[in-house]
Amino acid sequence: MAGSQIERALSLLESLTGDARGLPMQALAEQLQIPKSAAHRMLAELIRLGYVRQNPDNSRYQLSTKLVALGFRYLANSGADIVQPILDRLAQETSELVRLGVVEGDHLTWIAKSQGARSGLRYDPDMGRDAPLFYTASGHAWLAHLSDAQALALVEAQGIADPADFGPQAPRNNIELLDRLRLARERGYAWVVESSAVGMSALAAAVRHPLSGQVVGVLSVAGPTARLAEARIHELSAVLVGAAAELSNASPASEMFG
């Protein structure tokens, strides 16, 4: 009986993770397939323990931040930064260079990487550089989470390098840049083919703080276009977005995000 109650309580908490707006008691009872009275008792106990709260405006039940705080505390005390293993796993899955950029004010700076290519051409630039916003996948992934006006202001503040240094498929003007940001918003990730350099491609997704939703970094995969053609880019998008979501959940516990 105790095991069954614990399973139901955990199932209830898992159900509440699916909607930040919260859920009514009737919906929770139906999902758990238990009477409303049982759901009410369980919710009352979880509220008492501080894991659940009831929104006074609409009576919906929501998770408190206690579970999140416990998870972050565990990660912070685990003795190892959890970011690098995520980068390493993504590099292994894609067999290309994986980079993490962190947002610092008006800059996006590449601070960590993992090389997945084991043979052939290897793209492996130095870390510590600011990502060019106008023509890189990392830049586009960040800008796509801003308004068009904010994105263009950041690009103007950073400045645009000599077009001779771009790849042949880089945006030629702000209109083309905004069109690429629109596509990135629609897909949930940005990608470029021969934009930052001839023969190079990349895709990138934003890393967001799990509570505020603010973009704190960008995760990217980059490599030679011969291996990373556009079709391959879209094939890899799911694992990239999944890894970015992992980093989002882990970001408050990692020193890499300050």
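Student: Is the crossing of H7 and H8 left-handed or right-handed?

Tutor: The crossing of H7 and H8 is right-handed; a crossing counts as right-handed if the near helix is turned clockwise from the far one by less than a right angle, and as left-handed if anticlockwise. Helices (DSSP H or I, at least four residues) and strands (E, at least two) are numbered from the N terminus. Please bear in mind that this is a predicted model, in which local features need pLDDT of at least 70 and side-chain atom pairs count only at pLDDT 80 or more, while totals for chains, interfaces and linings use all residues. Residues are numbered from 1 along each chain as its sequence is written, and side-chain values use heavy atoms, with hydrogens and water left out.

Student: At what angle do the axes of H7 and H8 cross?

Tutor: Two packed helices are described by the angle between their axes and the distance between the axes. Here helix H7 (residues 148-158) and helix H8 (residues 174-187) have axes that come within 11 Å and cross at roughly 125°; axes are lines fitted to C-alpha atoms, for helices over the stretch in contact, with angles from 0 to 180 degrees between N-to-C directions. H7 and H8 are therefore oblique to each other, since angles under 35 degrees count as roughly parallel, over 145 as roughly antiparallel, 65 to 115 as roughly perpendicular and the rest as oblique. H7 contributes Asp 148, Ala 151, Leu 152 and Val 155 to the contact, and H8 contributes Asn 174, Leu 177, Leu 178, Leu 181 and Arg 185, contact meaning heavy atoms within 4.5 Å.

Student: How do H5 and H9 lie to each other?

Tutor: The axes of helix H5 (residues 83-94) and H9 come within 10 Å and cross at roughly 170°, and H5 and H9 are therefore roughly antiparallel to each other. The crossing of H5 and H9 is likewise described by its hand, which is right-handed. Among the residues that make this contact are Ile 86, Leu 87 and Leu 90 of H5, and Leu 236, Val 239 and Leu 240 of H9.

Student: And how do the axes of H2 and H3 cross?

Tutor: Helix H2 (residues 25-32) and helix H3 (residues 36-49) bring their axes within 9 Å, crossing at roughly 110°, and H2 and H3 are therefore roughly perpendicular to each other. The contact includes Leu 28, Ala 29 and Leu 32 of H2, with Ala 39, His 40 and Leu 43 among the residues of H3.

Student: Which order do the strands of the open sheet have?

Tutor: The five strands of this open sheet have the order S4-S3-S7-S6-S5, with antiparallel pairing, where two strands pair if DSSP finds at least two bridges between them. At the edges are strand S4 (107-115) and strand S5 (190-193), each of which pairs on one side only. Direction ignored, neighbouring strands of this sheet are turned by 20° against each other on average.

S3 and S4 run antiparallel and are joined by eight bridges, with Leu 100 opposite Ala 112 in S4. S3 and S4 form a hairpin with two residues between them, and Gly 105 in the turn has a positive phi of about 65°. Four bridges join S5 to strand S6 (residues 200-208), again antiparallel, and Val 193 stands opposite Ser 201 in S6.

Student: Which strands does H9 lie across?

Tutor: Helix H9 (residues 230-250) lies across strand S3 (97-104), S5, S6 and strand S7 (215-224), running at about 25° to S6.
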